[in-house]
Number of protein chains: 2
Amino acid sequence: MYPSIFGHKTEQEFMTITILGAGRSSASLIRYLGEKGQHKGWKLRVGDMDEATAARRVVGLGNAESFAFNVNDQMALEREVKGADLVISMLPAVMHISVIKECIKYKKNIITPSYVTPEIKALDAAAREAGIVVLNEMGVDPGIDHMSAMEILDKIKSRGGRVTRFESFTGGLIAPESDDNPWHYKFTWNPRNVVMAGAGGTAMFIQEGQLKYIPYHRLFQRIREIDIEGSGRFEGYANRDSLKYREVYGLDDIPTLYRGTLRKAGFCKAWDVFVQLGMTDESYTINYDGTMTYRDFVNSYLSYDPEKSVEQKLRDYLDLDDQTMARLEWIGLFEKETIGLTNATPAAILQKKLEGKWVFNDSDKDMIVMWHLFRYELSNETREIQASMVYVGRDNVLSAMSDTVGLPVALAAEMILSGELNVTGVLLPITPNIYAPILERLKEHGIYLGEKEYRV
Amino acid sequence: MYPSIFGHKTEQEFMTITILGAGRSSASLIRYLGEKGQHKGWKLRVGDMDEATAARRVVGLGNAESFAFNVNDQMALEREVKGADLVISMLPAVMHISVIKECIKYKKNIITPSYVTPEIKALDAAAREAGIVVLNEMGVDPGIDHMSAMEILDKIKSRGGRVTRFESFTGGLIAPESDDNPWHYKFTWNPRNVVMAGAGGTAMFIQEGQLKYIPYHRLFQRIREIDIEGSGRFEGYANRDSLKYREVYGLDDIPTLYRGTLRKAGFCKAWDVFVQLGMTDESYTINYDGTMTYRDFVNSYLSYDPEKSVEQKLRDYLDLDDQTMARLEWIGLFEKETIGLTNATPAAILQKKLEGKWVFNDSDKDMIVMWHLFRYELSNETREIQASMVYVGRDNVLSAMSDTVGLPVALAAEMILSGELNVTGVLLPITPNIYAPILERLKEHGIYLGEKEYRV
């Protein structure tokens, strides 16, 4: 059906895993399945818009081949799905739906690391009828966060405890050994997603039985401070919709449920400057004559004042402290450097500046930090469990992001191919048949949460 | 073609003016054209989604008839346009485009009081080819603001002056004799438009040669204070896009151009509370059990604190003064009154509360306030002209809004029907052949701007 590098064996002897999307997050996944597959008789087909990226990922893997792949090429999509035993979609989240539809049509199991959308959820009956599983949210956040939380929640419930609070935070950060800037941050994943984080709408959660809403322009001001033993102080801002996780986690009546994103202390206050100014906006382009500098860019969000410097105006406008000003200075926000973009959105201008500074160098390592808090009532006592993980990447390619997104996906793929996991429908990894074996095996790779429990 | 009440004359003896949309802003327009038409031989057809509204508008006008009209009924639209000598669209702005397309098809002149959109502008060549005029922005704002500004700008230019600053503000407010609440505001026009004012995006203008952008969440904080002799202190917030008016007004190189909306002093600070909390959001609905009160609604935007009252939390969060708190108390924002809406957006909940308070009573009068500032250089002198208008409505129906929107439209209609104005294409009232006669005739109705000029 397609040219194969496996001429010495017949197709039937292999199981074919087709991986669509070979970006940063796919590196560990492909490495794991490629190496494991040499003993298991798996063949990998790795496709990406950029064929060179796909090719780089399969270097040294004798059982893997790369190809150029465009999800909008319907014939190519059908051919790939039809030829696969299992499909893994690592494409941008909006693209999963068309792959999933083909998987239902050709009765092929599929795994994604992304949030299940209402559109995907609506395919549950069709997936069951086709006898396949559409396993979503199988990465780190969402993914490991669900699995590790459900393990503890099920443990509390099995003891007879009543959960009254659940908070969960995850962050993709720079490892301490590579942390060399005042933001304690580098772009270890998609820069645009970082710039636009939270911009999609109002954050929603529940606290002590009260619904709480935080609009985007207040998101980075209403933060939660979190100390993780041995790793210092972090701060969390609320994720878009925590409310729907009441149903997902089986905690319909819980008084407090809050999910968020972690940054190192001080980050949010400085990031909020960009939000307050309006620099994360994507809805218009700035028309200028090509000579506009970053300093002009900042000034365009400040009132006219012939007496004060741009720095002073900004400091006064947003009542900024020295540390925040130092972070902005370090970014080069006040430089008289020409932007060099034409008709760009504010967000694109900001991203360009940040990309020049928050560089994830070849010698850098990233880390994934996860923290859960569970409060529960048991035998007239109030108890808390804190669970946390600080996982540092192996190197710049087999990064913490790549490991924690890719390994759970890979382990789930292994379970499906071996028949160990035999389920159908549109699923999340929130049941013990999925999370228990995967969490156990992730531990062997150093990916696990440490727990401590105490009375409140 | 349609049933007519004018059986005693043949169709040919009449000119038919078809007015689509009979809301608040159409009252004065219909009255004027109806009364004038009795001598001029005009017949009016007035259509509205709500036939009763249309019927109410034609009461006492022997030459006018009302009908139920739905712009999405393509056959009805074609029939009405085909039977008209002139079409006036007073429909919601988004609906004009389909009416305009029919007018081009059937070669009928059309007037609207709304902003010309890029889509409408693109029909310029087609309108010229059809030999018709599509006359837009013929109301008050946009409309009288353009006409009065262009008259002064043309005067300055004819003297050889160089304009360096143009600021223009308009507001639809409550008349002093009906101003009986601490906001000095009532809903004298569409409440939803008031609630969503500015929410569409970032405001843009130019000041001393520097592009300036104000995001929505800062719009009501960055205000311009304006004193109008005899009427007290007002404040203005920036309109969406002032930049495009550089071209419209022929002021391409002007260092300062700013257009905005006027409110009475103190309004913006209190309105900003709603914006800061996130209550003007239309992007999600609040799920609650039907017992949620306005107090709960406010609390859902404030951090949890078991010690403080909702009032105290709000005051601390936004650093509010007594006057602003008094305005919020007056609105009833802290009342333990059930909202009584299910799955409503925050903006709809807020609007419901405001509609119960900012009632434009039958005995109330409104007013339109307009203020322009022109600065220019002439013979090495810097001069300023301030022009302002405070126009109070005749009554609750023939309101200032209805008069200032409807009379310029009516006067333009008269000029087109009589042949006095014989132009084609998609136009704004920015040339003397349009603005000069209309401004002169508006003066007879008490609608004009007083001017004063001085050296700076």
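In this predicted model, strand 11 of chain B is joined to strand 12 (residues 256-264) of chain B by 5 bridges, and the two strands run antiparallel; strands, like helices, are DSSP runs numbered from the N terminus, with at least two residues (E) for a strand and at least four (H or I) for a helix, and two strands pair if DSSP finds at least two bridges between them.

Residues are numbered from 1 along each chain as its sequence is written, and chains are lettered from A and ligands numbered from 1 in the order in which they are written. Because the model is predicted, local features need pLDDT of at least 70 and side-chain atom pairs count only at pLDDT 80 or more, while totals for chains, interfaces and linings use all residues; side-chain values use heavy atoms, with hydrogens and water left out.

- Of the 7 residues of strand 11 (residues 232-238) of chain B, 5 are buried, so the strand is largely enclosed by the rest of the structure; buried means under 20% relative accessible area, exposed means over 50%, and partly exposed lies in between (1.4 Å probe, protein chains only).

**How the two chains meet**

**The open sheet of chain A**
- Chain A has an open sheet of 7 strands in the order 3-2-1-4-5-6-15, with parallel pairing.
- Strand 3 (64-68) and strand 15 (425-427) of chain A stand at the edges with a single partner strand each, so one side of each is left without a neighbour in the sheet.
- Neighbouring strands of this sheet are turned by 15 degrees against each other on average, direction ignored.
- Within chain A, strand 4 (residues 86-89) and strand 5 (residues 109-111) run parallel and are joined by 3 bridges, with L86(A) opposite N109(A).

**Helices of chain B**
- Helix 3 (residues 74-82) of chain B has A76(B), L77(B), E80(B) and V81(B) as its buried residues.
- Seen down the axis of helix 3 of chain B, these buried residues fall within an arc of 125 degrees (taken from the directions from the helix axis to the C-beta atoms), so they line one face of the helix.
- The cover over the buried residues of helix 3 of chain B includes strand 1 (15-20), strand 2 (42-48), strand 3 (64-68), strand 4 (86-89) and helix 4 (96-105) of chain B; contact means heavy atoms within 4.5 Å.
- Helix 10 (residues 267-277) and helix 12 (residues 310-318) of chain B pack at an angle of about 95 degrees, with their axes 12 Å apart; axes are lines fitted to C-alpha atoms, for helices over the stretch in contact, and angles run from 0 to 180 degrees between N-to-C directions.
- Helix 10 and helix 12 of chain B are therefore roughly perpendicular to each other, a term that covers angles of 65 to 115 degrees.
- V273(B), Q276(B) and L277(B) of helix 10 of chain B make this contact with L314(B), Y317(B) and L318(B) of helix 12 of chain B.

**Backbone details in loops**
- Most residues other than glycine have a negative phi, and most peptide bonds are trans.
- The peptide bond from D141(A) to P142(A) is cis, with omega near 15 degrees, and P142(A) lies in the loop between strand 6 (133-135) and helix 7 (144-159) of chain A.
- H184(A), which is not a glycine, has a positive phi of about 50 degrees and counts as partly exposed at 27% relative accessibility.
- N380(A) has a positive phi near 65 degrees and counts as exposed at 86% relative accessibility.

Notes:
Angles under 35 degrees count as roughly parallel, over 145 as roughly antiparallel, 65 to 115 as roughly perpendicular and the rest as oblique.
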